[in-house]
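Q: I'd like a close look at one part of this model, please. Could you walk me through the sheet and then follow the chain onward from there?

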Amino acid sequence: MPEPVLMAENLTKSYPASGKLLPVLFPKMKTPRFTALSDVSFELMPGETLGVLGVNGAGKSTLLKLVAGVSGPTSGKVTVNGTIGALLELGAGFFPEYTGRENALLSLRMAGMSAAQAKDALPGVYEFAGIGEFFERPVRTYSSGMFVR
């Protein structure tokens with residue numbers, strides 16, 4: 001029986017509801033907290049897909065940050081068996097003056113690939129993006145749809 005590639009166990013994430021100044025001025029005062037995610041649990045098996053839907057403020061991005069390890073839970077546990085690449089903020093880390101090819105190579109290297117591995121993976125990235133000749137142009141010239149791809 002294969003083991004889950006992702007497990008979330010009783011994930012909760014809360015933040016101070018007040019600004020940063022209140023705890024400094026009144027250190028003994030109990031700071032009110034905002035709970036963005038409360039007691040979320042699930043397992044994701046190899047080959048399965050998970051969709052996260054919800055209204056603004058439902059905790060979708062918070063859950064993704066916890067899973068990606070960008071943020072830690074207030075309580076609970078995330079177990080990842082494999083590698084996660086997070087696209088939490090589309091365009092974060094892209095250089096507007098670099099071409100799509102240059103940004104792709106840089107991203108592949110930052111994801112841990114060697115220069116040779118990144119070069120070998122590039123044709124697949126080009127094909128997947130489906131933006132043709134724009135792959136050789138600066139990403140600042142891309143439409144929003146091209147940028148996402």
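This is a predicted model: local features need pLDDT of at least 70, side-chain atom pairs count only at pLDDT 80 or more; totals for chains, interfaces and linings use all residues.

To start with, what is the order of the three strands in the open sheet, and is the pairing parallel or antiparallel?

A: Happy to. Residues are numbered from 1 along each chain as its sequence is written, and side-chain values use heavy atoms, with hydrogens and water left out.

The three strands of the open sheet come in the order E2-E1-E3, with antiparallel pairing. At the edges are strand E2 (33–44) and E3, each of which pairs on one side only. From one strand to the next, the twist averages 25°; here axes are lines fitted to C-alpha atoms, for helices over the stretch in contact, and angles run from 0 to 180 degrees between N-to-C directions. Strands (E, at least two residues) and helices (H or I, at least four) are DSSP runs, numbered from the N terminus. Two strands pair if DSSP finds at least two bridges between them. E1 and E3 run antiparallel and are joined by five bridges, and Thr12 stands opposite Ser75 in E3.

Let's zoom in on Ser14, which sits in strand E1 (residues 6–16). Ser14 is buried, with a relative accessible area of 9%; buried means under 20%, exposed over 50% and partly exposed in between (1.4 Å probe, protein chains only). Leaving aside neighbours within four places in sequence, Ser14 is in contact with Arg33, Phe34, Thr35, Ala36 and Thr74, where contact means heavy atoms within 4.5 Å.

Moving onward, Pro96 lies in the loop between strand E3 (75–80) and helix H3 (100–110). Pro96 is partly exposed, with a relative accessible area of 45%. Beyond its neighbours within four places in sequence, Pro96 is in contact with Pro138, Val139 and Arg140. Pro96 and Pro138 are 42 residues apart in sequence, yet 6.2 Å apart in space, C-alpha to C-alpha.

Following H3 comes Gly112, whose phi is positive, near 110°.
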